Amino acid sequence: MTIFSVQSTIFSRASVVLLSSNGFKRFSFASSFSSSAVYSPPLPKMKKRRYPIVSAVDIGGVTISRNDVVRDDDPTNNVPDSIFSKLGMQLHRRDKHPIGILKNAIYNYFDSNYSKKFEKFDDLSPIVTTKQNFDDVLVPADHVSRSLNDTYYVDSQTVLRCHTSAHQAELLRKGHTRFLVTGDVYRRDSIDSTHYPVFHQMEGFCVFSPEDWNESGKDSTLYAAEDLKKCLEGLARHLFGSVEMRWVDTYFPFTNPSFELEIYFKEDWLEVLGCGVTEQVILKQSGLENNVAWAFGLGLERLAMVLFDIPDIRFFWTSDERFTSQFGKGELGVKFKPYSKYPPCYKDISFWISDSFTENNFCEVVRGIAGDLVEELKLIDQFTNKKGMTSHCYRIVFRSMERSLTDEEVNDLQSKVRDEVQKKLNVELR
């Protein structure tokens with residue numbers, strides 16, 4: 001269930017919905033599905049684009065045009081060209097890419113241990129309905145993840161999936177009972193080395209019939225939970241070798257009981273995934289009320305950064321041969337060898353914020369101008385004056401992974417950021 005996180009599944013955001021991901025930031029069902037929702041107005045379209053405008057992408061044999069996703073005439077649409085350009089890249093389907101290598105290693109584990117009983121889906125469209133993305137996995141109507149500040153909306157009823165769990169109900173209704181779903185997922189997020197607005201998740205789902213647990217003599221929930229833990233402990237050993245593990249009880253809205261699996265790796269406890277026994281209402285809605293099931297979710301970037309020693313999530317998106325040539329098909333755990341590290345350029349920007357200001361909107365402005373040349377955006381100071389006005393000061397770190405940036409181009413980027421922030425975010429520069 002990918003509703004888990006870093007940047008970013010429903011079960012986690014570390015590396016957002018069973019388990020996550022995009023990064024090392026912890027994204028659990030509990031933290032990502034907070035009880036209070038904050039509405040944020042959509043970020044206005046930016047006329048100046050640094051990204052070449054891709055006219056169409058092909059996903060699973062279906063052509064998706066830019067006009068299907070980036071709609072200037074819809075006030076709820078907040079998908080920029082920089083995000084649309086990522087739709088057809090599908091890093092998880094590249095056998096020589098770290099994301100694809102990790103996906104295939106997990107596939108090999110399930111094929112070897114379950115006689116190919118798990119069906120695999122990795123080319124499902126990332127454009128889904130709000131019902132698929134939220135309602136079908138029991139995300140509350142007032143949950144913050146439904147906000148325009150957190151999710152990319154194509155229109156009021158259509159989004160770019162936030163987690164691979166968005167396909168769960170559809171697959172169950174079509175009769176699939178054991179499956180793995182892998183795909184790119186999208187979330188508006190902060191900017192740092194472990195967070196990116198696009199990342200990859202995998203979710204696993206397994207349904208049992210009454211005959212399965214009746215023969216065992218165990219309660220259905222206990223039977224599913226024990227099978228789940230056995231499966232995932234084996235997966236952890238397959239990826240990380242003989243490591244110490246521990247199970248942590250947690251809370252997710254779509255599973256009960258719910259667990260997180262942690263391993264002791266490089267002298268620290270690392271959260272690998274989130275999982276649990278599926279809530280019966282989800283099965284009932286799919287016509288499986290007499291069954292029991294388990295689900296897990298994990299973020300591929302988070303695990304790949306650990307297994308391959310990749311220090312910055314932006315590397316996954318580079319076409320630089322100094323990165324891509326280091327990895328080969330089936331070579332799990334090859335350690336990334338850093339090439340020349342180019343110097344960072346620091347620029348600060350201060351402004352008085354308005355009531356509508358959100359940091360995610362600010363990040364979208366900066367990404368829209370600088371793209372992957374921005375390494376980090378961090379709030380370094382804030383205060384409120386006697387008039388009740390609040391000031392924020394952010395430090396922007398510009399750094400290319402491929403070359404040294406010149407003072408002229410960094411100054412130009414900073415100037416454009418200042419102009420767009422003032423125009424688009426209703427703030428007053430200081």
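Me: Before we look at the strands, what makes two strands pair?
Reply: Two strands pair if DSSP finds at least two bridges between them. In this predicted model, strand β1 (residues 56-59) and strand β2 (residues 62-65) pair over four bridges, in the antiparallel sense.

Me: Which residue of β2 stands opposite Val57?
Reply: Val57 stands opposite Ile64.

Me: How many residues lie between β1 and β2?
Reply: There are two residues between them, and the strands form a hairpin. Gly60 lies in the turn and has a positive phi of about 60°.

Me: Where do the side chains of β1 point?
Reply: They alternate along the strand.

Me: Changing topic: at what angle do helices α4 and α8 pack?
Reply: Helix α4 (residues 98-113) and helix α8 (residues 220-240) pack at an angle of about 130°, and their axes are 10 Å apart. The two helices are therefore oblique to each other.

Me: Is that crossing left-handed or right-handed?
Reply: The crossing of α4 and α8 is right-handed.

Me: Which residues of α4 and α8 meet?
Reply: From α4 these are Leu102, Ala105, Ile106, Tyr109 and Phe110. They meet Lys230, Cys231, Gly234, Leu235, His238 and Leu239 in α8.

Me: And for the whole chain, how many helices and strands are there?
Reply: The protein chain has 13 helices and 16 strands. Of its 430 residues, 58% are buried. Its accessible surface is about 17700 Å², with 47% belonging to carbon and sulfur atoms.

Technical notes: Residues are numbered from 1 along each chain as its sequence is written. This is a predicted model: local features need pLDDT of at least 70, side-chain atom pairs count only at pLDDT 80 or more; totals for chains, interfaces and linings use all residues. Side-chain values use heavy atoms; hydrogens and water are left out. Buried means under 20% relative accessible area, exposed over 50%, partly exposed in between (1.4 Å probe, protein chains only). Accessible areas come from the Shrake-Rupley method with a 1.4 Å probe; for residues, only the protein chains shown count as cover. Axes are lines fitted to C-alpha atoms, for helices over the stretch in contact, and angles run from 0 to 180 degrees between N-to-C directions. Angles under 35 degrees count as roughly parallel, over 145 as roughly antiparallel, 65 to 115 as roughly perpendicular and the rest as oblique. A crossing is left-handed if the near helix is turned anticlockwise from the far one by less than a right angle, and right-handed if clockwise. Contact means heavy atoms within 4.5 Å.
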